[in-house]
Amino acid sequence: MSLVLVVEDESAIAELIAIHLRHAGHEAVLVADAPAAQARVDERLPDLVLLDWMLPGQSGVQLARHWRGEARTRELPIIMLTARADEADKVAGLDAGADDYLSKPFSPRELMARIRAVLRRKAPQTLDAAVELAGLTLDPATRRVSRRLGEQAVELKLGPTEFRLLHFFMTHPERVHSRAQLLDRVWGDHVFIEERTVDVHVKRLREALAPAQGSGLIDTVRGAGYRFTAQGAGVSVQREQMATAGKATA
Ligand code: CA
């Protein structure tokens, strides 16, 4: 399930979109202008924003551009909604950083298809598709995790938070995620939860992966955060030590 923020001042359209979003299993939050949208985003990062171009006060394009300029919201998936079907407007919307652009009137089916496509590309951890990486299989539909070791598959037991954390890591591998980013994307709360909560759950996740020799799939990157790596256990630690040793002899 994903959280979709709908920024639309025409309440009839917003309500209609919300009905379709909820029907498709998304959570919908409706706001009618840019300041309200910003306040919501400050509170909790949505998985996707449907952003109307023409808003009272600050326009949707200005808001999209602002979000693209901020580290926290740079990757926020945005679909721009507009009553203007001009090619030039479409270009301006995409230039402002929108991931997709939809002209009104649009069919709910098309909107849902576009949302799925953008989520698949930018927020696959919100979808139900099974993920396979480093011999590890995670299936959100059945909530099962297993790892293939030689001939056999080892079934793993994970708590709900560790499951979400692993799902996020596996859909965003080989990249370093700071604790603040993980709180935003996995917990949905970067304000009231302490960063060391992340450390506690990473530790639990490593323990849960241990029966399948998977603890080393999650690297600690000192001063930066955590990274899921399919390169195998301990490789990057060795690399770090070699780098340090290299510096010492230089
Ligand atoms: Ca409008």
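The protein splits into two parts, domain 1 (3-127) and domain 2 (131-249). The model behind this description is a predicted one. Across the boundary, 9 residues of domain 1 touch 10 residues of domain 2. An interface like this is often sized by the accessible area lost when the parts come together. Here, about 810 Å² is buried between domain 1 and domain 2, with carbon and sulfur atoms giving 46% of that area. On the domain 1 side, L45, R72 and Q125 give up the most area to domain 2, and together they account for 51% of what that side buries.

Stepping back to the whole chain, the fold is built from 9 helices and 11 strands. The C-alpha trace spans about 60 × 45 × 35 Å along its principal axes. Of the 250 residues, 45% are buried. Looking at contacts between residues at least 6 apart in sequence, 56% link residues at least 24 apart.

A few spots in the backbone deserve a look. In domain 1 (3-127), K104 and P105 are joined by a cis peptide bond, with omega at about -5°. P105 itself belongs to the loop that runs between β5 (100-103) and α5 (108-122).

Two other residues have a positive phi without being glycines. One of them is A134, with phi at about 55°, found in the loop between β6 (131-133) and β7 (136-139). A134 has a relative accessibility of 26%, so it counts as partly exposed. The other is E174, where phi is about 60°. E174 sits in the loop between α6 (160-171) and α7 (179-187), and its 34% relative accessibility means that it, too, counts as partly exposed.

Finally, there is H201, a residue of helix α8 (residues 196-209). Is H201 buried or exposed? With a relative accessibility of 11%, H201 counts as buried, because the cut-off for that label is under 20%. Setting aside neighbours within four places in sequence, H201 is in contact with T161, E162, L165 and W187.

Notes. Residues are numbered from 1 along each chain as its sequence is written. This is a predicted model: local features need pLDDT of at least 70, side-chain atom pairs count only at pLDDT 80 or more; totals for chains, interfaces and linings use all residues. Side-chain values use heavy atoms; hydrogens and water are left out. Helices (H or I, at least four residues) and strands (E, at least two) are DSSP runs, numbered from the N terminus. Buried means under 20% relative accessible area, exposed over 50%, partly exposed in between (1.4 Å probe, protein chains only). Contact means heavy atoms within 4.5 Å. Domain bounds come from an automatic or database domain assignment. Buried area is the accessible area (1.4 Å probe) that two parts lose on being put together, summed over both.
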